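This briefing collects points on backbone geometry, sheet architecture, core packing and chain contact. The structure comes first, and the points follow by topic.

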Amino acid sequence: MSAFLSIRNLSAAIRGGPRLLRAVSLDVEVGEVRGLVGESGAGKSMIGKAVLGILPRAVEVVAGEIWLDGVDLLRLRPAERRRRIGATAALIPQDPLTALNPSRRIGRQITDRLVDILGWRRGAAEARALELLNEVRVPEPERVMRAYPHELSGGMRQRVLIASAFAAEPKLIVADEPTTALDVTVQKQILRLIAQMQARHGTALLFVTHDLGVVSKVCGSLSVLYGGLVVEETSVRDFFRAPAHPYSAALLAATPKYTDPAAGLNPVPAAVIDAVRAEVAAADRNWPHG
Amino acid sequence: MADLYTVSDLRLGLPDMTRKPLFGAAPRIGILHGLSFSVPKGEVLGIVGGSGSGKSTLGRVLVRLLEPTGGRVLFDGQDISHLPEDRLRPLRRRFQMIFQDPMSSLNPRRRIGGIIAAPLQLHGFDRISARVDEALDHVGLPRAFRHRFPHELSGGQRQRVGIARAIAMRPDFILADEIVSGLDVSSQAQVLALLAELVRDLGLTLAFISHDLSVVRRLCTSTMVLHQGRIVEHRPTDALFAAPEADYTRELLDAIPLPDPDQRWDLAAG
(Lines give C-alpha, C1' and ligand atoms only; values in the text may rest on other atoms or scores of the structure.)
Protein backbone atom coordinates (compact mmCIF):
# COMPACT_ATOMS: atom_id res chain seq x y z
CA MET A 1 0.00 0.00 0.00
CA SER A 2 1.61 3.24 -1.10
CA ALA A 3 1.23 6.56 0.70
CA PHE A 4 -1.69 8.91 0.12
CA LEU A 5 0.58 11.32 -1.72
CA SER A 6 3.58 9.70 -3.27
CA ILE A 7 5.96 11.69 -5.43
CA ARG A 8 8.40 9.49 -7.38
CA ASN A 9 11.51 10.86 -9.10
CA LEU A 10 9.82 14.09 -10.02
CA SER A 11 11.87 16.37 -12.24
CA ALA A 12 10.67 19.75 -13.41
CA ALA A 13 12.50 22.23 -15.60
CA ILE A 14 12.11 25.60 -17.18
CA ARG A 15 10.98 24.78 -20.73
CA GLY A 16 14.13 23.89 -22.66
CA GLY A 17 16.25 25.11 -19.76
CA PRO A 18 17.73 24.09 -16.43
CA ARG A 19 16.12 21.68 -14.00
CA LEU A 20 14.38 23.08 -10.92
CA LEU A 21 13.43 19.76 -9.31
CA ARG A 22 15.90 16.90 -9.50
CA ALA A 23 14.28 13.49 -9.16
CA VAL A 24 12.38 14.39 -6.00
CA SER A 25 10.73 11.52 -4.13
CA LEU A 26 8.64 11.87 -1.01
CA ASP A 27 5.55 10.38 0.64
CA VAL A 28 2.85 11.93 2.79
CA GLU A 29 0.55 9.53 4.63
CA VAL A 30 -3.00 10.30 5.69
CA GLY A 31 -2.83 12.36 8.87
CA GLU A 32 0.88 13.09 8.45
CA VAL A 33 2.41 16.57 8.43
CA ARG A 34 5.53 16.71 6.30
CA GLY A 35 7.67 19.83 6.20
CA LEU A 36 9.49 20.94 3.07
CA VAL A 37 12.39 23.14 4.08
CA GLY A 38 15.19 24.85 2.26
CA GLU A 39 16.35 28.26 1.21
CA SER A 40 14.79 30.38 -1.51
CA GLY A 41 15.20 28.73 -4.87
CA ALA A 42 15.54 25.26 -3.33
CA GLY A 43 12.31 24.18 -5.04
CA LYS A 44 10.14 23.66 -1.97
CA SER A 45 7.21 25.73 -3.25
CA MET A 46 7.65 24.21 -6.69
CA ILE A 47 6.88 20.74 -5.31
CA GLY A 48 3.63 21.99 -3.77
CA LYS A 49 2.71 23.69 -7.01
CA ALA A 50 3.46 20.56 -9.04
CA VAL A 51 1.16 18.52 -6.80
CA LEU A 52 -1.64 21.06 -7.15
CA GLY A 53 -1.09 21.42 -10.90
CA ILE A 54 -0.40 25.14 -10.63
CA LEU A 55 3.18 25.32 -11.87
CA PRO A 56 4.04 28.56 -13.66
CA ARG A 57 3.61 28.37 -17.44
CA ALA A 58 7.35 28.45 -18.03
CA VAL A 59 7.91 25.32 -15.94
CA GLU A 60 7.10 21.81 -17.04
CA VAL A 61 7.29 18.42 -15.40
CA VAL A 62 9.77 16.42 -17.43
CA ALA A 63 9.83 13.11 -15.59
CA GLY A 64 8.40 11.28 -12.63
CA GLU A 65 5.10 10.39 -11.05
CA ILE A 66 2.75 12.11 -8.61
CA TRP A 67 0.46 9.51 -7.04
CA LEU A 68 -2.48 11.06 -5.25
CA ASP A 69 -4.90 8.63 -3.63
CA GLY A 70 -3.74 5.78 -5.86
CA VAL A 71 -3.80 7.66 -9.18
CA ASP A 72 -0.79 9.06 -11.05
CA LEU A 73 -1.89 12.64 -11.73
CA LEU A 74 0.63 13.09 -14.51
CA ARG A 75 -0.99 10.36 -16.60
CA LEU A 76 -4.43 11.96 -16.52
CA ARG A 77 -5.86 14.28 -19.16
CA PRO A 78 -5.70 17.94 -18.00
CA ALA A 79 -9.45 18.27 -17.34
CA GLU A 80 -9.59 15.03 -15.36
CA ARG A 81 -6.43 15.98 -13.47
CA ARG A 82 -7.91 19.34 -12.44
CA ARG A 83 -11.14 17.72 -11.32
CA ARG A 84 -9.30 15.17 -9.23
CA ILE A 85 -6.96 17.70 -7.62
CA GLY A 86 -9.88 20.04 -6.94
CA ALA A 87 -11.82 17.26 -5.23
CA THR A 88 -8.88 15.93 -3.21
CA ALA A 89 -6.45 18.73 -2.42
CA ALA A 90 -6.38 22.38 -1.38
CA LEU A 91 -3.88 25.17 -0.80
CA ILE A 92 -3.28 27.51 2.14
CA PRO A 93 -1.31 30.30 0.48
CA GLN A 94 1.36 32.57 1.91
CA ASP A 95 -0.04 36.02 1.48
CA PRO A 96 -3.65 36.27 2.61
CA LEU A 97 -4.15 39.64 0.93
CA THR A 98 -3.16 38.71 -2.61
CA ALA A 99 -4.87 35.33 -2.34
CA LEU A 100 -8.26 36.97 -1.80
CA ASN A 101 -10.02 38.97 -4.48
CA PRO A 102 -10.27 42.52 -3.08
CA SER A 103 -13.52 43.32 -4.87
CA ARG A 104 -15.56 40.30 -3.81
CA ARG A 105 -17.18 39.43 -0.51
CA ILE A 106 -15.57 36.76 1.68
CA GLY A 107 -18.61 34.46 1.60
CA ARG A 108 -18.65 34.23 -2.18
CA GLN A 109 -14.95 33.53 -2.31
CA ILE A 110 -15.35 30.51 -0.04
CA THR A 111 -18.51 29.15 -1.66
CA ASP A 112 -17.55 29.65 -5.33
CA ARG A 113 -15.04 26.81 -5.19
CA LEU A 114 -17.65 24.47 -3.74
CA VAL A 115 -20.30 25.50 -6.25
CA ASP A 116 -18.25 25.86 -9.44
CA ILE A 117 -15.75 23.06 -9.05
CA LEU A 118 -17.49 20.56 -6.83
CA GLY A 119 -21.07 21.20 -7.96
CA TRP A 120 -22.58 21.98 -4.56
CA ARG A 121 -25.86 23.91 -4.27
CA ARG A 122 -25.34 27.55 -3.29
CA GLY A 123 -27.39 27.19 -0.08
CA ALA A 124 -25.44 24.13 1.08
CA ALA A 125 -22.17 25.83 0.25
CA GLU A 126 -23.12 28.89 2.29
CA ALA A 127 -24.09 26.76 5.28
CA ARG A 128 -20.78 24.92 5.00
CA ALA A 129 -18.80 28.18 4.76
CA LEU A 130 -20.52 29.49 7.89
CA GLU A 131 -19.79 26.25 9.72
CA LEU A 132 -16.11 26.44 8.77
CA LEU A 133 -15.75 30.11 9.75
CA ASN A 134 -17.16 29.10 13.12
CA GLU A 135 -14.71 26.25 13.34
CA VAL A 136 -11.68 28.50 12.66
CA ARG A 137 -13.09 30.87 15.33
CA VAL A 138 -13.78 33.89 13.20
CA PRO A 139 -15.89 36.16 15.40
CA GLU A 140 -19.29 37.12 13.93
CA PRO A 141 -19.07 34.77 10.93
CA GLU A 142 -22.31 36.06 9.38
CA ARG A 143 -20.85 39.56 9.21
CA VAL A 144 -17.51 38.27 7.88
CA MET A 145 -19.33 36.39 5.08
CA ARG A 146 -20.56 39.77 3.82
CA ALA A 147 -17.26 41.62 4.42
CA TYR A 148 -14.57 42.49 1.89
CA PRO A 149 -10.96 41.33 2.48
CA HIS A 150 -9.69 44.84 3.37
CA GLU A 151 -12.09 44.96 6.32
CA LEU A 152 -10.24 42.07 8.00
CA SER A 153 -6.85 41.94 9.74
CA GLY A 154 -4.04 39.76 8.37
CA GLY A 155 -4.69 37.04 10.94
CA MET A 156 -8.43 37.03 10.20
CA ARG A 157 -7.76 36.79 6.46
CA GLN A 158 -5.51 33.82 7.05
CA ARG A 159 -8.29 32.20 9.12
CA VAL A 160 -10.68 32.74 6.22
CA LEU A 161 -8.23 31.04 3.84
CA ILE A 162 -7.84 28.11 6.22
CA ALA A 163 -11.62 27.77 6.39
CA SER A 164 -11.74 27.92 2.63
CA ALA A 165 -9.04 25.26 2.26
CA PHE A 166 -10.82 22.84 4.60
CA ALA A 167 -14.33 23.58 3.23
CA ALA A 168 -14.50 20.71 0.75
CA GLU A 169 -12.92 18.21 3.20
CA PRO A 170 -9.74 17.78 1.15
CA LYS A 171 -7.59 14.80 2.01
CA LEU A 172 -4.40 16.72 1.25
CA ILE A 173 -3.52 20.33 2.00
CA VAL A 174 -0.46 22.16 0.76
CA ALA A 175 0.39 25.04 3.10
CA ASP A 176 2.90 27.35 1.39
CA GLU A 177 4.61 29.51 4.03
CA PRO A 178 1.21 30.22 5.59
CA THR A 179 2.49 32.37 8.47
CA THR A 180 5.47 34.16 6.96
CA ALA A 181 3.56 37.43 6.58
CA LEU A 182 2.23 37.41 10.16
CA ASP A 183 3.44 38.69 13.54
CA VAL A 184 4.81 36.04 15.91
CA THR A 185 1.82 36.22 18.25
CA VAL A 186 -0.63 35.85 15.36
CA GLN A 187 1.60 33.19 13.81
CA LYS A 188 1.26 31.10 16.94
CA GLN A 189 -2.55 31.31 16.81
CA ILE A 190 -2.61 30.37 13.12
CA LEU A 191 -0.18 27.46 13.53
CA ARG A 192 -2.26 26.18 16.41
CA LEU A 193 -5.37 26.46 14.26
CA ILE A 194 -3.79 24.62 11.32
CA ALA A 195 -2.52 21.86 13.65
CA GLN A 196 -5.94 21.44 15.25
CA MET A 197 -7.81 21.44 11.95
CA GLN A 198 -5.33 18.97 10.48
CA ALA A 199 -5.68 16.61 13.45
CA ARG A 200 -9.48 16.86 13.55
CA HIS A 201 -9.93 16.29 9.83
CA GLY A 202 -7.11 13.74 9.51
CA THR A 203 -5.72 15.62 6.53
CA ALA A 204 -2.34 14.89 4.99
CA LEU A 205 -0.42 18.16 5.12
CA LEU A 206 2.55 19.28 3.08
CA PHE A 207 3.98 22.24 4.94
CA VAL A 208 6.37 24.47 2.98
CA THR A 209 8.50 26.77 5.13
CA HIS A 210 11.99 28.16 5.57
CA ASP A 211 11.55 28.45 9.34
CA LEU A 212 12.99 25.50 11.25
CA GLY A 213 11.31 26.74 14.42
CA VAL A 214 7.92 26.35 12.78
CA VAL A 215 8.87 22.91 11.45
CA SER A 216 9.77 21.69 14.93
CA LYS A 217 6.31 22.68 16.17
CA VAL A 218 4.02 21.57 13.37
CA CYS A 219 5.61 18.76 11.39
CA GLY A 220 6.23 15.09 12.12
CA SER A 221 8.67 14.53 9.29
CA LEU A 222 10.57 16.72 6.86
CA SER A 223 12.47 16.81 3.62
CA VAL A 224 15.40 19.22 3.30
CA LEU A 225 15.97 20.59 -0.18
CA TYR A 226 18.89 22.25 -1.86
CA GLY A 227 18.90 23.17 -5.54
CA GLY A 228 15.83 21.06 -6.25
CA LEU A 229 17.42 18.00 -4.67
CA VAL A 230 16.19 16.29 -1.51
CA VAL A 231 19.36 16.10 0.58
CA GLU A 232 17.78 14.65 3.70
CA GLU A 233 14.50 13.02 4.58
CA THR A 234 13.87 12.21 8.21
CA SER A 235 11.62 12.57 11.23
CA VAL A 236 11.52 15.92 12.99
CA ARG A 237 12.80 14.31 16.18
CA ASP A 238 15.88 12.84 14.49
CA PHE A 239 16.53 15.98 12.49
CA PHE A 240 16.78 18.23 15.52
CA ARG A 241 18.69 15.66 17.55
CA ALA A 242 21.27 14.89 14.89
CA PRO A 243 20.84 16.10 11.31
CA ALA A 244 22.45 13.54 9.00
CA HIS A 245 23.42 15.75 6.06
CA PRO A 246 26.12 18.42 6.58
CA TYR A 247 23.92 20.97 4.82
CA SER A 248 21.03 20.26 7.20
CA ALA A 249 23.38 20.66 10.14
CA ALA A 250 24.64 23.97 8.75
CA LEU A 251 21.10 25.20 8.24
CA LEU A 252 20.28 24.38 11.84
CA ALA A 253 23.48 26.11 13.03
CA ALA A 254 22.49 29.25 11.12
CA THR A 255 19.11 29.48 12.86
CA PRO A 256 19.22 31.82 15.87
CA LYS A 257 17.67 30.88 19.21
CA TYR A 258 16.78 33.55 21.72
CA THR A 259 17.26 31.18 24.62
CA ASP A 260 20.89 30.64 23.74
CA PRO A 261 22.84 33.78 22.80
CA ALA A 262 25.81 31.77 21.60
CA ALA A 263 23.77 29.57 19.26
CA GLY A 264 22.76 30.22 15.72
CA LEU A 265 23.73 32.86 13.16
CA ASN A 266 26.69 30.78 12.05
CA PRO A 267 27.09 31.29 8.31
CA VAL A 268 26.90 28.08 6.26
CA PRO A 269 30.57 27.12 5.66
CA ALA A 270 31.77 27.41 2.07
CA ALA A 271 32.92 23.79 2.11
CA VAL A 272 29.37 22.62 2.92
CA ILE A 273 27.94 24.71 0.08
CA ASP A 274 30.56 23.36 -2.33
CA ALA A 275 29.81 19.79 -1.32
CA VAL A 276 26.05 20.11 -1.69
CA ARG A 277 26.48 21.88 -5.05
CA ALA A 278 28.62 18.98 -6.19
CA GLU A 279 25.76 16.64 -5.22
CA VAL A 280 23.37 18.69 -7.31
CA ALA A 281 25.78 18.59 -10.24
CA ALA A 282 26.17 14.83 -9.85
CA ALA A 283 22.39 14.45 -9.98
CA ASP A 284 22.48 16.20 -13.36
CA ARG A 285 25.18 13.98 -14.82
CA ASN A 286 22.71 11.77 -16.66
CA TRP A 287 20.45 14.66 -17.51
CA PRO A 288 20.16 14.99 -21.28
CA HIS A 289 18.73 18.50 -21.55
CA GLY A 290 21.55 20.43 -19.80
CA MET B 1 30.09 57.19 27.90
CA ALA B 2 28.32 60.10 26.22
CA ASP B 3 24.91 59.66 24.69
CA LEU B 4 24.58 59.91 20.93
CA TYR B 5 20.82 60.24 21.13
CA THR B 6 18.75 61.65 23.96
CA VAL B 7 15.04 61.39 23.33
CA SER B 8 12.49 62.88 25.71
CA ASP B 9 8.71 62.59 25.62
CA LEU B 10 8.75 61.95 21.87
CA ARG B 11 5.30 62.10 20.31
CA LEU B 12 4.24 61.67 16.75
CA GLY B 13 0.87 61.82 15.08
CA LEU B 14 0.17 61.42 11.41
CA PRO B 15 -2.86 62.65 9.46
CA ASP B 16 -5.51 59.94 9.19
CA MET B 17 -6.35 60.21 5.50
CA THR B 18 -9.22 57.76 5.73
CA ARG B 19 -11.08 60.26 7.93
CA LYS B 20 -10.06 63.41 6.08
CA PRO B 21 -13.03 65.67 5.33
CA LEU B 22 -13.34 67.06 1.79
CA PHE B 23 -12.05 70.42 3.01
CA GLY B 24 -9.71 71.09 5.90
CA ALA B 25 -7.10 69.06 7.67
CA ALA B 26 -7.34 65.37 8.40
CA PRO B 27 -7.58 64.40 12.07
CA ARG B 28 -4.31 63.17 13.54
CA ILE B 29 -3.81 59.62 14.64
CA GLY B 30 -1.27 59.05 17.39
CA ILE B 31 1.60 56.68 16.56
CA LEU B 32 4.20 57.37 19.24
CA HIS B 33 2.97 58.30 22.70
CA GLY B 34 5.72 59.95 24.72
CA LEU B 35 8.93 57.92 24.39
CA SER B 36 11.96 58.81 26.51
CA PHE B 37 15.28 57.01 26.21
CA SER B 38 18.90 57.55 25.35
CA VAL B 39 21.33 55.72 23.11
CA PRO B 40 24.95 55.76 24.36
CA LYS B 41 27.72 55.93 21.78
CA GLY B 42 28.76 52.49 20.59
CA GLU B 43 25.54 50.82 21.63
CA VAL B 44 23.71 48.30 19.48
CA LEU B 45 20.08 48.96 20.27
CA GLY B 46 17.44 46.43 19.25
CA ILE B 47 13.96 47.84 18.69
CA VAL B 48 11.32 45.10 18.66
CA GLY B 49 7.54 44.90 18.61
CA GLY B 50 4.65 43.62 16.57
CA SER B 51 3.44 45.25 13.36
CA GLY B 52 1.93 48.63 14.07
CA SER B 53 3.91 49.04 17.31
CA GLY B 54 5.67 52.13 15.93
CA LYS B 55 9.16 50.69 15.65
CA SER B 56 9.77 51.84 12.06
CA THR B 57 8.18 55.21 12.79
CA LEU B 58 10.53 55.70 15.73
CA GLY B 59 13.50 54.83 13.51
CA ARG B 60 12.40 57.34 10.93
CA VAL B 61 12.19 60.07 13.55
CA LEU B 62 15.75 59.28 14.71
CA VAL B 63 17.09 59.90 11.21
CA ARG B 64 14.62 62.77 10.81
CA LEU B 65 12.73 61.40 7.86
CA LEU B 66 9.73 62.28 10.03
CA GLU B 67 9.33 65.38 12.19
CA PRO B 68 8.01 64.73 15.69
CA THR B 69 4.83 66.47 16.78
CA GLY B 70 6.01 66.70 20.40
CA GLY B 71 9.06 66.14 22.58
CA ARG B 72 12.74 66.47 21.78
CA VAL B 73 15.36 64.47 19.94
CA LEU B 74 18.98 65.42 20.72
CA PHE B 75 21.62 64.05 18.36
CA ASP B 76 25.12 64.42 19.80
CA GLY B 77 23.87 67.26 21.97
CA GLN B 78 22.08 69.11 19.18
CA ASP B 79 18.28 69.39 19.08
CA ILE B 80 17.24 68.00 15.69
CA SER B 81 13.52 67.64 16.41
CA HIS B 82 12.45 70.58 14.24
CA LEU B 83 15.60 71.52 12.32
CA PRO B 84 14.82 72.74 8.79
CA GLU B 85 16.17 70.67 5.91
CA ASP B 86 19.06 73.01 5.03
CA ARG B 87 20.42 72.81 8.58
CA LEU B 88 19.84 69.05 8.72
CA ARG B 89 21.82 68.40 5.57
CA PRO B 90 25.31 68.53 7.12
CA LEU B 91 24.07 66.22 9.88
CA ARG B 92 22.51 63.73 7.46
CA ARG B 93 25.92 62.32 6.60
CA ARG B 94 26.27 61.32 10.23
CA PHE B 95 23.10 59.23 10.46
CA GLN B 96 22.57 56.70 7.72
CA MET B 97 19.93 54.11 7.04
CA ILE B 98 19.88 50.58 5.65
CA PHE B 99 16.54 49.50 4.27
CA GLN B 100 14.53 46.32 4.46
CA ASP B 101 14.19 45.51 0.80
CA PRO B 102 17.44 45.98 -1.09
CA MET B 103 15.69 45.46 -4.42
CA SER B 104 13.53 48.56 -4.00
CA SER B 105 16.16 50.65 -2.23
CA LEU B 106 18.82 50.19 -4.93
CA ASN B 107 18.20 51.96 -8.23
CA PRO B 108 17.84 49.14 -10.80
CA ARG B 109 19.25 51.33 -13.60
CA ARG B 110 22.49 52.24 -11.87
CA ARG B 111 25.57 50.17 -11.36
CA ILE B 112 26.67 49.31 -7.82
CA GLY B 113 29.58 51.76 -8.04
CA GLY B 114 27.25 54.62 -8.93
CA ILE B 115 24.80 53.67 -6.18
CA ILE B 116 27.50 53.80 -3.49
CA ALA B 117 29.07 56.96 -4.98
CA ALA B 118 25.88 59.02 -5.27
CA PRO B 119 25.53 60.09 -1.63
CA LEU B 120 29.31 60.66 -1.42
CA GLN B 121 29.06 63.10 -4.33
CA LEU B 122 26.05 64.84 -2.77
CA HIS B 123 27.99 65.42 0.40
CA GLY B 124 31.09 66.66 -1.42
CA PHE B 125 33.52 63.88 -0.51
CA ASP B 126 36.90 63.66 -2.24
CA ARG B 127 38.54 60.44 -3.55
CA ILE B 128 35.14 58.99 -4.34
CA SER B 129 36.36 56.04 -6.38
CA ALA B 130 38.78 54.99 -3.66
CA ARG B 131 36.02 55.29 -1.05
CA VAL B 132 33.72 53.07 -3.11
CA ASP B 133 36.47 50.42 -3.30
CA GLU B 134 37.04 50.71 0.43
CA ALA B 135 33.33 50.30 1.18
CA LEU B 136 33.14 47.21 -1.04
CA ASP B 137 36.20 45.79 0.77
CA HIS B 138 34.54 46.45 4.10
CA VAL B 139 31.44 44.44 3.21
CA GLY B 140 33.42 41.66 1.58
CA LEU B 141 32.29 42.18 -2.00
CA PRO B 142 34.81 42.02 -4.88
CA ARG B 143 35.72 45.47 -6.22
CA ALA B 144 34.66 44.35 -9.69
CA PHE B 145 31.07 44.38 -8.41
CA ARG B 146 31.00 48.16 -8.92
CA HIS B 147 30.29 47.46 -12.59
CA ARG B 148 27.32 45.23 -11.89
CA PHE B 149 23.63 46.05 -11.67
CA PRO B 150 21.53 45.20 -8.59
CA HIS B 151 19.60 42.47 -10.41
CA GLU B 152 22.85 40.60 -11.05
CA LEU B 153 23.37 40.15 -7.29
CA SER B 154 21.84 37.74 -4.79
CA GLY B 155 19.65 39.04 -1.96
CA GLY B 156 22.48 38.81 0.57
CA GLN B 157 24.90 40.60 -1.77
CA ARG B 158 22.37 43.37 -2.40
CA GLN B 159 21.98 43.90 1.30
CA ARG B 160 25.78 44.19 1.54
CA VAL B 161 25.61 46.96 -1.04
CA GLY B 162 23.07 48.73 1.17
CA ILE B 163 25.48 48.43 4.07
CA ALA B 164 28.41 49.60 1.91
CA ARG B 165 26.46 52.68 0.83
CA ALA B 166 25.74 53.56 4.46
CA ILE B 167 29.25 53.02 5.87
CA ALA B 168 30.97 54.80 2.96
CA MET B 169 29.61 58.02 4.47
CA ARG B 170 31.59 57.40 7.68
CA PRO B 171 28.47 57.87 9.79
CA ASP B 172 28.21 57.89 13.58
CA PHE B 173 24.86 56.17 13.59
CA ILE B 174 23.18 53.59 11.39
CA LEU B 175 19.52 52.69 11.43
CA ALA B 176 18.89 49.17 10.13
CA ASP B 177 15.19 48.55 9.58
CA GLU B 178 14.37 44.83 9.22
CA ILE B 179 17.41 44.40 7.00
CA VAL B 180 17.52 40.62 7.15
CA SER B 181 13.86 39.71 7.17
CA GLY B 182 13.85 39.04 3.42
CA LEU B 183 16.92 36.82 3.54
CA ASP B 184 17.45 33.09 4.00
CA VAL B 185 18.94 31.97 7.32
CA SER B 186 22.37 31.39 5.80
CA SER B 187 22.63 34.83 4.15
CA GLN B 188 21.00 36.32 7.24
CA ALA B 189 23.82 34.87 9.34
CA GLN B 190 26.45 36.31 7.00
CA VAL B 191 24.93 39.79 6.84
CA LEU B 192 24.51 39.98 10.61
CA ALA B 193 28.04 38.73 11.27
CA LEU B 194 29.30 41.43 8.91
CA LEU B 195 27.21 44.13 10.55
CA ALA B 196 28.42 43.17 14.03
CA GLU B 197 32.02 43.28 12.84
CA LEU B 198 31.63 46.70 11.19
CA VAL B 199 29.96 48.18 14.24
CA ARG B 200 32.91 47.04 16.33
CA ASP B 201 35.65 48.04 13.87
CA LEU B 202 34.25 51.41 12.87
CA GLY B 203 32.94 52.37 16.29
CA LEU B 204 29.37 52.78 15.03
CA THR B 205 26.21 53.17 17.02
CA LEU B 206 23.43 51.03 15.61
CA ALA B 207 19.68 50.88 15.98
CA PHE B 208 18.45 47.53 14.73
CA ILE B 209 14.73 47.26 14.13
CA SER B 210 13.45 43.72 13.92
CA HIS B 211 10.48 41.54 14.65
CA ASP B 212 12.83 38.59 15.21
CA LEU B 213 13.82 38.46 18.87
CA SER B 214 16.28 35.64 18.31
CA VAL B 215 18.32 37.86 16.01
CA VAL B 216 18.15 40.78 18.43
CA ARG B 217 19.29 38.50 21.22
CA ARG B 218 22.39 37.60 19.28
CA LEU B 219 23.30 41.05 17.97
CA CYS B 220 22.16 43.80 20.33
CA THR B 221 23.58 45.12 23.59
CA SER B 222 20.30 46.63 24.71
CA THR B 223 16.73 45.94 23.68
CA MET B 224 13.65 48.14 23.59
CA VAL B 225 10.21 46.54 23.30
CA LEU B 226 7.51 48.72 21.78
CA HIS B 227 3.81 48.07 21.95
CA GLN B 228 1.21 50.41 20.52
CA GLY B 229 3.59 53.35 20.42
CA ARG B 230 4.85 53.01 23.99
CA ILE B 231 8.04 51.55 25.43
CA VAL B 232 7.02 48.58 27.54
CA GLU B 233 10.55 47.55 28.42
CA HIS B 234 14.05 48.86 27.66
CA ARG B 235 16.97 47.10 29.32
CA PRO B 236 20.29 45.44 28.59
CA THR B 237 19.61 42.52 26.26
CA ASP B 238 20.97 39.84 28.60
CA ALA B 239 18.82 40.99 31.50
CA LEU B 240 15.71 41.42 29.38
CA PHE B 241 15.89 37.96 27.88
CA ALA B 242 16.89 36.31 31.16
CA ALA B 243 13.88 37.74 33.01
CA PRO B 244 11.40 39.74 30.94
CA GLU B 245 9.49 42.16 33.16
CA ALA B 246 6.63 43.28 30.96
CA ASP B 247 3.75 40.92 30.16
CA TYR B 248 3.92 41.92 26.53
CA THR B 249 7.62 40.96 26.30
CA ARG B 250 6.85 37.57 27.79
CA GLU B 251 3.99 37.10 25.35
CA LEU B 252 6.30 37.92 22.42
CA LEU B 253 8.98 35.51 23.65
CA ASP B 254 6.49 32.70 24.26
CA ALA B 255 5.18 33.03 20.72
CA ILE B 256 8.56 32.38 19.11
CA PRO B 257 8.88 28.84 17.78
CA LEU B 258 12.35 27.69 18.78
CA PRO B 259 14.08 25.16 16.51
CA ASP B 260 13.60 22.53 19.19
CA PRO B 261 10.84 19.90 19.20
CA ASP B 262 10.97 19.68 23.01
CA GLN B 263 9.94 23.30 23.59
CA ARG B 264 6.46 23.35 25.16
CA TRP B 265 4.17 25.16 22.79
CA ASP B 266 0.66 23.85 23.47
CA LEU B 267 -0.40 23.58 19.86
CA ALA B 268 -3.34 21.43 20.81
CA ALA B 269 -4.64 23.72 23.56
CA GLY B 270 -6.69 26.90 23.37
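Predicted model: local features only at pLDDT ≥ 70, side-chain atom pairs only at ≥ 80, totals over all residues.

With 15 C-beta neighbours inside 10 Å, Gln228(B) counts as partly exposed.

- Gln228(B) is not a glycine, yet its phi is positive, at about 50°.
- Gln228(B) sits in the loop that links β9 (222–227) to β10 (230–236) in chain B.
- Ala23(A), likewise not a glycine, has a positive phi of about 50°.
- Ala23(A) belongs to a strand, namely β2 (residues 19–28) of chain A.

**Open sheet of chain B**

- Four strands of chain B form an open sheet in the order β2-β1-β4-β5, and their pairing is antiparallel.
- The edges are taken by β2 (28–40) and β5 (78–79) of chain B; each has a single partner strand, so one side of each has no neighbour in the sheet.
- Within this sheet, β1 (residues 3–15) and β4 (residues 70–75) of chain B run antiparallel and are joined by five bridges.
- In general, strands of a sheet pair through backbone hydrogen bonds, in either a parallel or an antiparallel sense.

**Largest nonpolar core**

- The largest nonpolar core comprises 159 residues, and Ile162(A) and Phe208(B) touch the most other members.
- Domain 1 (1–13 + 28–94 + 172–255) and domain 2 (108–170) of chain B both contribute residues to this core, which therefore lies between them.
- Leaving aside residues up to four places away in sequence, Phe208(B) touches Val44(B), Leu45(B), Gly46(B) and Ile47(B), together with Ala176(B), Val216(B), Leu219(B) and Cys220(B).

**Contact between chains A and B**

- Chain A brings 34 residues to the contact, and chain B brings 30 residues.
- On the side of chain A that touches chain B, α7 (184–201), α8 (212–218), α9 (236–241) and α10 (246–254) of chain A each supply at least two residues.
- The most is given by α7(A), with eight residues on that side.
- By class, the residues on the side of chain A that touches chain B are 16 nonpolar, eleven polar and seven charged.

How values were computed
Residues numbered from 1 in each chain as written. Chains lettered and ligands numbered in written order. Core = buried A, V, L, I, M, F, W, Y, C linked by C-beta atoms within 7 Å. Buried ≥ 20, exposed ≤ 12 C-beta atoms within 10 Å, placed from the backbone. Domains from an automatic or database assignment. Contact = placed C-beta atoms within 7 Å. Pairing = 2+ DSSP bridges. Nonpolar A, V, L, I, M, F, W, Y, C, P; charged D, E, K, R; others polar.
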